[in-house]
Structures are given as C-alpha cells and as structure tokens.
Amino acid sequence: MRIRPRRNRQSDAIRSLSRETHVQVEQLVYPLFLTDGKGVKEEVASLPGNYRWSLDMLLPELEECMKLGLKSFILFPAIQEGLKNKKGTYGYSKDNYYLKFAQTIKKHFPEACLISDVAMDPYNSDGHDGIVQNGKIINDDTLEVLGKMAIVQAEAGFDIIGPSDMMDGRVGFIRDALDENGFQDTGIMSYTAKYASAFYGPFRDALDSAPIENDEIPKDKKTYQMDPSNKREALREALLDEQEGADYLMVKPALNYLDIIHLLDEHFDLPIAAYHVSGECAMLIAAAQNGWLNLEEAMPETLTNIRRAGASIILTYFAKMYAQQKAKLRY
Ligand code: PBG
C-alpha cells in the first residue's frame with residue numbers, strides 16, 4: 001500500500017500542519033442580554049451560564065472578555081412590560097436604556113465592536129417583530145419603526161446595526177435612513193436567512209419576548225421568518241440584502257442550517273455570519289450537565305463545524321468559554 005492517509009494523522013504537530021479550519025477568538029461575537037437597574041446578574045434558567053446584566057455588572061465582564069481577545073458583542077435588551085406597546089415606541093425613544101448602555105460601553109471600550117438588534121419584539125406588547133393589525137404583521141409601517149430604531153442606535157455609537165426582524169425591504173430602508181442622517185459608516189449585519197425555528201426558546205425566555213397568547217395575535221413568526229424546508233429562498237433573500245446594501249449576510253440558526261451557510265458562502269462575496277442560537281447552545285449544555293457528552297470537546301468541535309461550512313463570523317453564547325479554553329491551551 002503506497003497511499004496511507006493515516007500518515008498525516010500521526011501526531012498533534014502533524015495534524016496541525018494539514019488542519020483546514022481554524023476558529024479564531026476574534027471571529028466570535030458574544031451575545032449579551034441587558035436589563036435596566038443596578039447590581040443585576042440574573043441567570044437565564046434555560047441557558048445556564050448566560051445572564052441578564054445591568055450596566056455596572058456588565059462593564060467588568062466586558063473587560064474580562066476583551067482581555068481574552070473577544071472584540072465583538074451583540075446586545076439584546078430585556079424591557080419591562082410597562083414600557084411595551086403595540087408600536088414598540090420605546091425602541092426608538094431617546095430614553096431607551098439600551099442606548100445609554102451602548103454609549104457608556106463605547107466610552108469605556110472604544111475599541112470594542114458593538115452590534116445592535118433592530119426588531120420590535122423586545123418592545124412590542126404583542127411579542128412580534130412587526131406591528132400587528134387585524135391579526136396580520138404589517139410590513140411597510142414596521143419599516144418606519146425599524147428605521148427610527150437604527151438611527152438612534154447609530155447615534156448611540158453602535159458600530160453595526162443588526163436587523164433581525166425579516167420584514168421585506170428593511171435593509172434598503174435602514175441603509176437610506178442611516179445615510180440620510182450622516183451614518184454612512186455604520187454597517188448592517190442582516191439576518192438574511194432567518195428561519196422560523198423552534199431553537200429560539202431560551203432567547204425568548206431571557207427577554208420575555210415570545211408572541212403573546214391571544215386569538216387575535218399570530219401565535220408564531222411564520223409569515224415573516226423563513227420556512228425551515230427552504231434553501232433556494234435563502235439565495236433570493238441574500239440577493240436582495242446584497243442589492244439593498246448589507247455588509248454581512250447572516251444565517252440563523254447555524255447547526256441545522258450548515259447547508260445554507262455553505263450555499264451563501266459559495267454564491268456571495270460578502271462575509272457570512274452564522275448565529276449559533278440559544279436552543280442550539282442549550283442542547284449542548286443540557287447534555288453535558290447530564291454527563292452525556294463532554295462540553296470542552298463538543299463545543300469547539302461545533303464551532304469548527306460552523307466555520308468549515310463557510311461562516312467567517314460566529315455569534316455564539318460559547319464565545320467566552322471558547323476564549324477561556326483557548327487561553328488555557330495556548331493553541
Ligand atoms: C428577535 C430575535 C430572536 C433571536 C434573535 N433576535 C428570536 C426570535 O426571532 O423570536 C434569537 C436568538 C437566539 O435564539 O439565540 N428579533
């Protein structure tokens with residue numbers, strides 16, 4: 001036998017020479033849940049190891065993350081029930097604590113990249129990403145709200161705006177709104193192929209943002225988020241986002257949608273981001289807690305798989321754990 005593939009697998013040093021995929025800490029984006037108040041660090045029950053942070057508690061946490069080499073963070077606000085309404089107006093109110101948090105974080109860590117969330121659901125008393133009228137999600141009126149949210153977020157210092165709402169035409173609408181207000185340099189990371197997935201559960205727990213139970217309100221997000229069966233449609237969404245001026249294309253969730261990540265990576269030149277969502281992370285954590293698999297091995301393998309599929313950026317709740325592990329191993 002002259003040809004023996006096992007020769008290239010003989011030692012760690014040899015395997016390192018032919019390793020095709022690497023996950024760098026600076027390619028990870030760490031999602032963080034925020035809450036107004038002081039001294040709060042509340043664990044999300046369905047996503048152990050993740051918390052709702054008040055600003056004073058978050059700053060030292062961010063410092064620790066930055067020392068580990070993490071540079072990018074995506075922030076999601078939990079909003080008190082009393083501040084929610086059908087039009088999500090608190091989302092673009094200058095009083096929105098989310099904006100003040102971002103301003104303060106940028107003051108402390110100007111070198112950090114902050115990514116925002118543009119969608120109505122944290123602020124909407126109906127729990128949808130758009131305005132609900134007569135049992136329907138109204139696309140074009142929602143764009144007005146999203147545009148206003150994007151402007152106040154850019155003003156607060158967010159580096160990249162993250163529309164996660166899946167309304168038609170929102171990337172172009174937001175791009176115009178930003179440009180008209182002098183924010184030409186603020187980027188847009190579009191949730192391009194965001195599927196109506198069952199894997200967002202822990203996230204909705206963290207923000208208490210699930211659609212409310214009421215006969216007049218659609219009980220799911222299937223009229224705007226994509227059907228999990230569809231692949232060709234992701235190309236259509238990506239083409240629109242590219243034409244409308246997106247700077248990054250995101251696929252969400254990641255693990256069950258590796259084929260979509262690969263597809264967009266093959267067809268588009270824009271950087272591809274993958275959102276390794278709350279339910280996907282929670283599954284690994286739960287299995288590890290039961291002693292059914294070893295998280296320290298399963299977690300980096302998972303992130304490598306997402307990179308291998310074609311994502312250059314991974315949004316993951318494991319960002320800090322991965323950075324800690326890497327620091328320990330000094331790869
Ligand atoms: C809502 C939004 C969701 C997530 C990010 N932005 C949930 C949803 O669409 O209901 C999910 C992220 C996760 O599960 O980690 N705009």
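**Entry 1: contacts along the chain**

I began with contacts, meaning heavy atoms within 4.5 Å. Of the contacts in the chain with a separation of 6 or more, 74% are between residues 24 or more positions apart. I note that this is a predicted model, in which local features need pLDDT of at least 70, side-chain atom pairs count only at pLDDT 80 or more, and totals for chains, interfaces and linings use all residues. Residues are numbered from 1 along each chain as its sequence is written, and side-chain values use heavy atoms, with hydrogens and water left out.

**Entry 2: the whole chain**

I looked up the secondary structure next. The chain has 11 helices and 12 strands. Both are DSSP runs, numbered from the N terminus: helices are H or I with at least four residues, strands are E with at least two. The radius of gyration is 20 Å, close to the 20 Å of the globule rule for 331 residues, so the chain is as compact as a globular protein of that length. I took that radius over C-alpha atoms; the rule is 2.2 Å times the number of residues to the power 0.38. The C-alpha trace spans about 70 × 45 × 40 Å along its principal axes.

I then checked burial. Buried means under 20% relative accessible area, exposed over 50%, and partly exposed in between, with a 1.4 Å probe and protein chains only. By that cut-off, 55% of the 331 residues are buried. The accessible surface of the chain is about 15800 Å², and carbon and sulfur atoms hold 48% of that surface. These areas come from the Shrake-Rupley method with a 1.4 Å probe; for residues, only the protein chains shown count as cover.

**Entry 3: helix 4**

I turned to helix 4, residues 139–156. Its 18 residues should span 26 Å at 1.5 Å a residue, and its end C-alpha atoms are 26 Å apart, which agrees. The expected span is 1.5 Å times one less than the number of residues. I found 13 of the 18 residues buried, so helix 4 is largely enclosed by the rest of the structure. Gly157 follows helix 4, with a positive phi near 110°.

**Entry 4: helix 5**

Which residues of helix 5 are buried? I list Arg170, Val171, Gly172, Ile174, Arg175, Ala177 and Leu178, within residues 170–180. I also asked what these buried residues pack against. Their partners are helix 4, strand 8 (160–161), strand 9 (187–194) and helix 7 (232–244). After helix 5 comes Gly182, whose phi is positive, near 85°.

**Entry 5: buried loop residues**

The contacts below do not count residues up to four places away in sequence.

Thr21 sits in the loop between helix 1 (12–17) and strand 1. Its relative accessible area is 16%, so Thr21 is buried. Thr21 touches Thr304, Arg307 and Arg308.

Thr35 lies in the loop between strand 1 (28–34) and strand 2 (41–43). At 15% relative accessibility, Thr35 counts as buried. I found several partners for Thr35, including Trp53, Ala78, Tyr97 and Phe101.

Asn96 is in the loop between strand 4 (72–77) and helix 3 (97–108). With a relative accessible area of 0%, Asn96 is buried. Asn96 touches Ile79, Tyr90, Gly91 and Tyr123. I also looked up Ala319: Asn96 and Ala319 are 223 residues apart in sequence and 27 Å apart, C-alpha to C-alpha.

Tyr224 belongs to the loop between helix 6 and helix 7. Tyr224 counts as buried at 7% relative accessibility. Tyr224 touches His128, Asp129, Ile137, Asp165, Met166 and Met167. I checked Thr104 too: Tyr224 and Thr104 are 120 residues apart along the chain, and 34 Å separates their C-alpha atoms.

**Entry 6: backbone angles**

I looked for positive phi outside glycine. Asn134 has a phi of about 50°. It lies in the loop between strand 6 (131–133) and strand 7 (136–138). Is Asn134 buried or exposed? Asn134 is exposed, with a relative accessible area of 79%.

Asp208 also has a positive phi, about 50°. I place Asp208 in the loop between helix 6 (201–207) and helix 7. Asp208 is exposed, at a relative accessible area of 51%.

Where is the cis peptide bond that I noted? That bond runs from Lys252 to Pro253, with omega near -10°. Pro253 lies in the loop between strand 10 (248–252) and helix 8 (258–267).
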